[in-house]
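Dear colleague,

Please find the structure below, handed over for your study. A short account of the findings follows it.

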Amino acid sequence: MFSYCADPDTLGTLRWFSCYLTNGVHFSFYLSFLKVLGLLAVTAPVALAFGFMGAMAARSHFPPLSWLGKGYIAIVRGVPDIAFFLFFVIALDQAFEWTRHKILCPEWTDPIRQGNDFIVCQAAKLPLGTAPEWVHETYGFFLAIITFSIVFGAFAANVLFGGMRAVPHAQLETAEAYGMSRRQTFWRILVPQMWVYALPGLSNLWMVLIKATPLLFLLGIEDIVYWARELGGTKTSKFTQYPHGDWRMWYFLFLLVFYLGMTRVSEIGLEKLMRKLSHGQATSGGELLRKETTA
Amino acid sequence: MSCLQTIHDYGLRSLGIGERLLPKNDFTLCEQFTLIGSGMIWNVYFGIMALATGFLFATALAVGKASQNKWLRKPSEWFIFLFRGSPLFIQFFFAYFFFLSLKKSYPMFDAFTSAWLGALIVLFLNTAAYSGEIFYGALRSIPKGDIEAADAYGMSGWARFRRIVWPTMLRLAWPAYTNEAIFLFHATTLVFFSAFPAWQQRGDALYYASYFADKTFNPFVPYPILAFYFILLTLVIVWGFGMINKRLNRHLPAARQTKMRFRLNLAR
């Protein structure tokens, strides 16, 4: 990046590092941090939406819908989440290709599953064999986002369902006494009040989500774990201008510090949000705030 | 090949006993059940060992964090923050490469780079931090009256801790601790997907499940089998911890012996 980087062998330690840390592959490494943040930014709202729908379904008075919601919540409890990640990435990909195959190649008669192979016609391949590299990467990232959203949506549904049940029943009865319909009670009374009850669970979930982001590596994304392994490995002078020993330990130490920073910042932010939401609520937190301001 | 023969060949495959080569094609349902079940040995081993060793350390951490002494409190706080604030996955990677570089200078660290010891140490420290936080919360919510009663009986120091504080702490923390135990068993599936190598293809349940999914390109068989085993394991944990919970609460009047409710909210 700098002009003096042309011949790294002649440089002092500090300058050498300034060159080393700004070479091309390191920018891919830094870019992968954006991938993690992007995943968080997209997954959090989508998972919350999935969770909201799941919780609504679980509350439904129509039994099949309620079973569906409750099943969705229950399924992620007993099984390790990483198993779901590995499962959904293949399952979703096959589901998409299968659907496209049915639509695009109706004349195809061979079975799709032949022994150990999953064969669809060329036009149904996702992404298409002719697509450029970036399409493949984006598709992989897209699958990862859906996978994360499904798994964390179930966790969120669990939390939101609990939050909806925690809203004092008298509130709902009052709404009914005012002549509100079930739908009105839900949207005008229940939903605005449930957040403060759901927030401890949701903040916990946000922490879990942050700490689950390195699992992107297992979904075949070139994320921070991938680059830390790549860049940290021993490099000889044959292949690079910047030979070094096995530095993977230091790269992962850096990731560790990065995540500690992320969780610490989130902790502080969520605490502030909780204070804000507790304001004027009939909870012990709200009571504490009221005393603080009047005293 | 009959199913009994398969169980004989692959039942202890994850420990390196039995057939050397994994099945290569024409996987039967029996083979998948047997191998994934064989892998569960590792999950159970990691889970039980980490829980057993982590329990004592967690108690020490909780007492340390609740201590008035700064020199005890600060290290405990930092330890808990370090392990609760970072992903277990990264901890595994870091520990593995850390042990690897130690091994280069001191050959006696050889065993630490293999999963049975290295990963176990990480899981031990991790669960100690999470349980320590749970125990700390319980320690702070011990009824004041209990401590005062102990004082009135002339108990202090070690006797008070062993006979009053510790049992009450456990009793209050138990439902959350059960949750933590379940999550720990789930976390053991990460071991062979982080840096720790599955030497001679001796892996855990998820390792074999993903082996089958990769070979057959069909995730709809091995992963549900894995889910079946884990739900079974979860039920066993809930049952076992429920028994202990009963014992911890046996002195309370029947009306206050609330049944442990497992609302498995996320502990981590």
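The crossing of H8(B) and H9(B) is right-handed, a crossing being right-handed if the near helix is turned clockwise from the far one by less than a right angle, and left-handed if anticlockwise. Helices here are DSSP runs (H or I, at least four residues) numbered from the N terminus.

This is a predicted model, in which local features need pLDDT of at least 70, side-chain atom pairs count only at pLDDT 80 or more, and totals for chains, interfaces and linings use all residues. Residues are numbered from 1 along each chain as its sequence is written, while chains are lettered from A and ligands numbered from 1 in the order in which they are written.

H8 (residues 205-216) and H9 (residues 222-248) of chain B pack at an angle of about 160°, their axes 8 Å apart; axes are lines fitted to C-alpha atoms over the stretch in contact, and angles run from 0 to 180 degrees between N-to-C directions. H8(B) is therefore roughly antiparallel to H9(B) (an angle over 145 degrees).

In chain A, Ala198(A) lies in helix H7 (residues 182-212). Ala198(A) counts as buried because it has 23 C-beta neighbours inside 10 Å, the cut-off being 20 or more. Beyond four places in sequence, Ala198(A) is in contact with Val159(A), Leu160(A), Gly162(A) and Gly163(A).

Between the chains, 35 residues of chain B are in contact with 36 residues of chain A. H4(B) gives the most to that side of chain B, with 7 residues.

Yours sincerely

Key: Helices (H or I, at least four residues) and strands (E, at least two) are DSSP runs, numbered from the N terminus. Angles under 35 degrees count as roughly parallel, over 145 as roughly antiparallel, 65 to 115 as roughly perpendicular and the rest as oblique. A residue is buried if 20 or more other C-beta atoms lie within 10 Å of its own, exposed if 12 or fewer, and partly exposed in between; C-beta atoms are placed from the backbone. Two residues are in contact if their C-beta atoms, placed from the backbone, lie within 7 Å.
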